[in-house]
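Please look over the entry shown here before reading on.

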Amino acid sequence: MMRDSYDVIVVGTGIIGLMITYKLSHYDLRVLAIDRNPEPGWGVSRAHAAVVHVVQLPFRSLKSKLARSGNPELLRICDELGVRYRRTSTLILATEPHHLLVLPLIYLYLRLNLRGFSVRLRGRGPLLREEPALSNRVLGGIEVGGYAVVDNFDLLYALYEFSKSNGVEFSLGEEVRGVEQLDGSVRVITDRGAYEASYLVNAAGLWADEVLKLTGGNIKFELGKGVLLVFDRAISSRLLAPLYLKPDPKTKGGAIMFTHDNRGLWGPNLRFTERKDDTSADEQDLRTLTEKFSRLIKTDAGIPIKAYAGIRPIPPGDDFIIERRGRVIHVLGTESPGFTASPSLAELVLRMLGDSGLRLNEKPVSRREPFRRARDDPKRARGHVICACNLVTEEEIREAVRRGAKTLKGIFYRTGACMGTCQGSRCLADVLEVAADEMGVDARHLQLGGDGSWVVS
Amino acid sequence: MIVGAGLSGLAAAKFLRGVLVERGEVGGFFLRDEYPVNGVRGCDLVREFMESNVIKGTVFEADEGGAWVLSEEGSRYLRGTVIGANGFRERTLLELGVFGSRPSGVFPLYSAWELVNRGYRIGERVVIYGFNHYSLSLASKLKAEVTFILGSGSIAHEEAEALDRGFGVMIGALKRIEGKGRLEALRTSEGDLKSDALVLAELSPWNPLNLSYTVGNAAMITEDPSKVVEGAKLLASSILSGGRRVEVISDAPHFPREVSEEVGRVIVGVKRGTKLRVGGVEMIAEESYPLIEIPKGDRIRIEVMGCTE
């Protein structure tokens, strides 16, 4: 059954798909976004560190270039949408005497390649004064400016809300099963029916290889699993990365980082897996990350709250692949730093659509109302607090539902409830009942994150 | 000003004539806790100490002069000495060395307690990880099949007590969680268990505001509700009497860490029959969570020598 026709269908609502819908929503077009998950941003995009990067090797790669151009654009979009973020820098830290010999060379190399970003050589004394958590083993370092940590979920939902309120249609929980190229259009067959569009954009992230296969192409991703550890508090105001003399091109090697809410974040590591749904963390991950990063600090890291894993679709050649096949544009291999590069990637896709004949007539757009939270300015806030760890009020839970949360996880991600140190110990029952009340259903019908994830009966 | 109106907060407020700040229901865990320890039921003690001098709100920041409270009326700064009665927190999966996936059906103890008391079923095959008064109390309310995996032994309860009440007991460590949408299985050091609900009940004191004064489970995990009240009295006496402070150092959990010389007593978290050396003098604990007299001095050491039973 043919359901409807569109100018553009975007498959995938991760950061890349949403950034594309955000850009498309500025034009007079009929756009549909499809995702197999019940809520947007639940693929690769929900499990990264939300760091706006600068250093990405090799500098000549497409992903490195797009990250450098996407960096300021991403923060501009955050400003426009009222998304929270914190600017910071990265310290690349030398801990061995022979590191000091190569430090000036690395500094020069970074300066030559990172035009527009500050790069400074830093001595041991000032570093230890400015970052008291640093270990006495630190001998010096290089500070690279231009980094930021973003409220990832706020950005994903902001892009979704902006796109939706400016005309983009979303069909969530729907899976693409077939793609047929017709004369002058493309037919997308899903588990619910079929759509027709002038153009299709494959931004399916980890599953982009499968959508590519539906159009006759083939690619094999390496599945790179990265685990991140979350602590209850941040221990530095900069991102702390150990210096490597032989950098691994597949990973920047992780760092001691923090979230926009000032929680500690260590990682990621990198190991390979065969399964796209294998987001489990193991004891080995914990050991690897602890051994790697604990030598950089001398203070207690705090209470370890949780470990989570994301999977990167690493393409052949370790670089983004953006290609057009007829009326389909495939965005493949959007691993790190896809988050930082996403605005530039989306712009590139728009240019390709325009070059292919899509008419891009600008239209007026409405603004997104920022999601206001008590914890952003608690001394001026009011409300009945439900989650004490993250100061989430009852009104915020209700607002999350009004903005489209359909599951408990959707509420957690939008508000931060149940994601603090107590991990929902004191607030889960209240969140469940308030959400059910706002949705007008019995709490027994709520799911944690999709089919089969019932919470209470 | 006491943050938290559970049993310890209520008792501390009464002894200190303080004001309570509580965001939820007054009474905390013990409000509905009918499972006795040494013949004492927490709910009876809560009723005894229940009072109405409660400010509705959440304390989000505290300093030496007072605390910021957020409520439906707005935020305000209240002056006074701030005492934390936040109770326990459940140790996280990472702290417990439990890995694997994170499906639905994994509950921290307090959330499971709240859900069960509100009339929900949390699962059909419930495993509780942690053997203590609080997990026993929850288990006594669950109709579902319950298996305890003993991550650490209870001070105030014996394994036989659980068996007598029909709860299965398994001594071992939880290692891994399996399940996609909902919890399906648990891997333990003693074998695999089929389960659709896991309650994390290994507990730690919780002092999120980093306060100097804490009481009840915010200071030390205490299973006996009468000892929770005794601890509040001890803290109140120590604050009100003033005098020189004695620092107490022990390899066993103890409360308070610093006590007025005039009060000169601490509660130590050991079983009945535990042999202790207090400031060089040997003694045997005559009950669980004994109240120990300490000698005068700036710093007193309590050593655990072993167990006589």
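This is a predicted model: local features need pLDDT of at least 70, side-chain atom pairs count only at pLDDT 80 or more; totals for chains, interfaces and linings use all residues.

Residues are numbered from 1 along each chain as its sequence is written, chains are lettered from A in the order in which they are written, and side-chain values use heavy atoms, without hydrogens and water.

Q: How much area do chain A and chain B bury between them?
A: Buried area is the accessible area (1.4 Å probe) that two parts lose on being put together, summed over both. Of this area, 58% lies on carbon and sulfur atoms. For chain A and chain B the total is about 3800 Å².

Q: How many salt bridges are there between chain A and chain B?
A: A salt bridge needs a side-chain nitrogen of Lys or Arg within 4 Å of a carboxyl oxygen of Asp or Glu. A:Asp430 forms one with B:Arg118, the closest N and O atoms being 2.7 Å apart. Between the two chains the count is five.

Q: Why is the pair of B:Phe29 and B:Trp113 classed as it is?
A: Rings of Phe, Tyr and Trp (its six-membered ring) pair if their centres lie within 6.5 Å; planes under 30 degrees apart count as stacked, over 60 as edge-to-face and the rest as tilted. The ring centres of B:Phe29 and B:Trp113 are 3.9 Å apart and their planes are at 10°, so the pair is stacked.
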